[in-house]
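Q: I am new to this structure and would like to learn how to read its features. Could we take them one at a time?

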Amino acid sequence: MHSAYLQDSMLVVSISGSLAEGDSLLKHYGGIFFVAVDSIVAGWDVCGIAVELDEATLVFLMCDMIQLFEWISEGSDDEAIAEWVLDHTRVIRDPE
């Protein structure tokens, strides 16, 4: 990890990595994602995340984070939640 900071209640984390890393990247993203969730539960003013990679940024917005907490409170299946998170993560490619 290169850096981490809050910007307008979004946790922004910069890491070395590439979209081509597949499962390895997903493990890093999942770790960052759950740190953000734990921070929200602990009362931090975090409402979304942005993970900056070498060629793109992964973004999970506040509106999706709110929906996620509703799903968790309803006792939804962990696998279904993980799939939903990935489906709602936006990939913004950095211009070259």
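A: We can start with a helix and a residue in it. The model is predicted. Asp87 belongs to helix α3, which covers residues 78-87.

Q: Is Asp87 buried or exposed?

A: The general idea is a cut-off: a residue counts as exposed when its relative accessible area is over 50%. Asp87 has a relative accessibility of 58%, so it counts as exposed.

Q: Which residues form the negative surface patch?

A: Asp and Glu are the residues that count as negative. In this structure the negative surface patch consists of Asp77, Asp78, Glu79, Glu83 and Asp87.

Q: How many salt bridges does the count come to?

A: Opposite charges can pair between side chains when the charged atoms come close. The cut-off for a salt bridge is a Lys or Arg side-chain nitrogen within 4 Å of a carboxyl oxygen of Asp or Glu. By this rule there is one salt bridge. The pair links distant parts of the chain, with Asp64 in helix α2 and Arg90 in strand β5 (residues 90-93), 26 residues apart. Their side chains meet at 2.4 Å, N to O.

Q: Is Asp64 buried or exposed, and what about Arg90?

A: Buried means under 20% relative accessible area, and partly exposed lies between that and the exposed range. Asp64 has a relative accessible area of 7%, so it is buried. Arg90 has 35%, and is therefore partly exposed.

Q: Where is Asp64 placed, and which residues is Asp64 in contact with?

A: Asp64 sits in helix α2, residues 62-73. Once its neighbours within four places in sequence are left aside, Asp64 contacts Trp84, His88 and Arg90. Arg90 is also its partner in the salt bridge.

Q: What is the phi of Ser9?

A: Ser9 has a positive phi of about 65°, although it is not a glycine. Ser9 lies in the loop between β1 and β2. At 22% relative accessibility, Ser9 counts as partly exposed.

Q: How should I compare distance along the chain with distance in space? For instance, how many residues apart are Glu55 and Gly17 in sequence?

A: Read the two separations side by side. Glu55 and Gly17 are 38 residues apart in sequence, and their C-alpha atoms are 8.5 Å apart in space. For the other pair, Glu74 and Ala50, the separation is 24 residues along the chain and 26 Å between C-alpha atoms.

Q: Where is Glu55, and which residues does Glu55 touch?

A: Glu55 is in the loop between β3 (48-52) and β4 (56-60). Not counting residues up to four places away in sequence, Glu55 touches Gly17, Ser18, Leu19, Arg93 and Asp94. Its relative accessible area is 22%, so Glu55 is partly exposed.

Q: Where is Glu74 found, and is Glu74 buried or exposed?

A: Glu74 is in the loop between α2 and α3. With 61% relative accessibility, Glu74 counts as exposed.

Technical notes. Residues numbered from 1 in each chain as written. Predicted model: local features only at pLDDT ≥ 70, side-chain atom pairs only at ≥ 80, totals over all residues. Heavy atoms only, no water. Patch = residues over 30% accessible without salt bridge, like charges linked within 9 Å, V, L, I, M, F, W, Y side chains within 5 Å. Areas by Shrake-Rupley, 256 points an atom, 1.4 Å probe, with all protein chains shown as cover. Charge placed at Lys NZ, Arg CZ, Asp CG, Glu CD. Helix = DSSP H or I, 4+ residues; strand = E, 2+ residues; numbered from the N terminus. Buried < 20%, exposed > 50% of the residue type's maximum accessible area, 1.4 Å probe, protein only. Contact = heavy atoms within 4.5 Å.
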